[in-house]
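The following note is intended for a colleague who will work with the coordinates. Its points are numbered and may be read separately.

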Amino acid sequence: MPPRRIAADSGSEDSMSDDAEFIDDGKSKKTRTKTASGKKKRDKGKGKATEQSYAWEATYTRSWDTVREDESGSLQGAVDELLARGRRRRLLFPSTAIRRTIIRHLILVLDLSASMMDRDMRPTRFDLVLEYSRAFIVEWFDQNPLGQIGVVGMRAGVAERIGEMSGNPQDVLKAIQDRHRLEPTGEPSLQNAVEMARGSMSHLPTHSSREIIIIFGSLTTNDPGNIHDTLDACVKDKIRIAVVALAAEMKICREMCDKTGGQFGVAMNEGHLKDLLFELIPPPAQRALSRAAGAGASNPAADLMMMGFPTRLPETSAPALCVCHSELKSEGFLCPRCAAKVCDVPTDCDICGLMIVSSPHLARSYHHLFPVKPYQAVKEANGASASANCHGCAVPFSKTPITAVLSDGMSPLGRYKCLECKNDFCTDCDVFVHDVVHCCPGCGR
């Protein structure tokens, strides 16, 4: 038995060796096949990284190539230059006087469909849109104190009124504060949302603008009827529609913007989404009437409108019912025509219909009509004639120019000159004058 077992074992070993050799050959072939396929996958992965199929990938793509160290080895100068370039980008537009509407009424339409839960924009489209919408509302009211905003959401094929039109930014922010109440679901409906927004502005006077801003993240719309009929009604009512898309361009969205005179844009990443939204903050220019319509078809003279400046009541005044909420309050404002009490201004009196505004709000609205001219970037200092300190904040200018590649309109010295008073300002004062003060401190223009 043992010899036979040894012989059998040896035979089996020989057979096993042959099988092992065959299996090894198969494994080697299989290994070579896997190696080739792995190489293809790696090449495919490289191609995918080069294509940048996701928006969030572009945020970190070779960002170290644009940052340069200064002589002391610090990166602060390069970071400051990148921030200044972004802040100054919107100041390079023409500053000619254009006829604009300072009393604006806006409906903000938010897409609350299931597509807003996609994560191509961090953390999700929904959370990012809510965050930027809050910042947009605060900045919009800061630059348009006489305007009013309402909020409409679209989900599950219907439109929902999230917030009534109000001139108080706190009321509008409170309407979109609760995230769980706005949980996305279902499909959006552009027609229902536009119809609801159009109905909210049907009673507005002709001297105010009617605008709709749609933040749209879906590629479909579930409409009950012909959306082109709704579009024709918006054109007839002179409602301007602007669309900020998160996914891709849709023909109906582009057509809505083109026919009504609004802006259309597709956000490529988080920063681009914020830029597209904030470009809609300044009042749009009024469209000129066609001269072919008749002999007197040129732009008519601006009609006068009646406004009232209210009397402000202190905290020590006797409590009285307000006409807007029917609540007992001590603080408030009295209508100069009917002496009705309102809580906030600007607003329209619920009793006599007079528009009640404060004089600071009215003064702040005029900076869009007469903007400050952009300062000229100084490429090199002119020796003794150049000032050593900024005319606005008195901070000394840097003597070492920025070595990074600069875009158009940027000064390597961080120095910008007013063409009227010939004074030099730093980058921070340049942005502060054009964004906040709206008046040059050197010449008062």
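1. Aspartate 118 is partly exposed at 36% relative accessibility, where partly exposed lies between buried (under 20% relative accessible area) and exposed (over 50%), with a 1.4 Å probe and protein chains only. Its salt-bridge partner is arginine 125, and the closest N and O atoms are 3.8 Å apart; a salt bridge here is a side-chain nitrogen of Lys or Arg within 4 Å of a carboxyl oxygen of Asp or Glu. Arginine 125, in turn, counts as buried, at 7% relative accessibility.

2. The model is predicted: local features need pLDDT of at least 70 and side-chain atom pairs count only at pLDDT 80 or more, whereas totals for chains, interfaces and linings use all residues. Residues are numbered from 1 along each chain as its sequence is written, and side-chain values use heavy atoms, with hydrogens and water left out.

3. The average pLDDT of the protein is 79, and 72% of the residues score at least 70; pLDDT is the predictor's confidence in each residue, from 0 to 100. Residues 44-52 fall below 50 and have 5 contacts beyond near neighbours in sequence, a contact being heavy atoms within 4.5 Å. Residues 289-300 are likewise below 50, with 11 such contacts. Where pLDDT is low, the predicted coordinates should not be read in detail.

4. The whole structure contains 16 salt bridges. One of them joins arginine 155 to glutamate 160, with the closest N and O atoms 3.0 Å apart. Arginine 155 is buried at a relative accessible area of 11%, while glutamate 160 is partly exposed at 29%. Another links glutamate 183 and arginine 179 at 3.4 Å, N to O. In this pair glutamate 183 is partly exposed at 31% relative accessibility, and arginine 179 is partly exposed with a relative accessible area of 27%. Salt bridges with shared partners also connect Asp118, Asp120 and Arg125 into one network.

5. Which residues of helix H7 (residues 251-260) are buried? They are Ile252, Cys253, Glu255, Met256, Cys257 and Thr260. Their cover includes helix H5 (190-200), strand S4 (209-216), helix H6 (227-236), S5 and strand S6 (264-266). Helices (H or I, at least four residues) and strands (E, at least two) are DSSP runs, numbered from the N terminus.

6. Three strands form an open sheet in the order S8-S11-S12, with antiparallel pairing. Strand S8 (311-313) and strand S12 (341-342) stand at the edges with a single partner strand each, so one side of each has no neighbour in the sheet. Strand S11 (residues 332-334) pairs with S12 over 2 bridges, where pairing requires that DSSP finds at least two bridges between the strands. Phenylalanine 333 has valine 342 in S12 as its bridge partner.

7. Phe432, Val436 and Val437 make a nonpolar surface patch of about 270 Å². Patches consist of residues with over 30% relative accessible area and no salt bridge, like charges being joined within 9 Å and nonpolar side chains (Val, Leu, Ile, Met, Phe, Trp, Tyr) within 5 Å; areas come from the Shrake-Rupley method with a 1.4 Å probe, and for residues only the protein chains shown count as cover. Valine 437 belongs to helix H10 (residues 427-437) and is partly exposed, with a relative accessible area of 40%.
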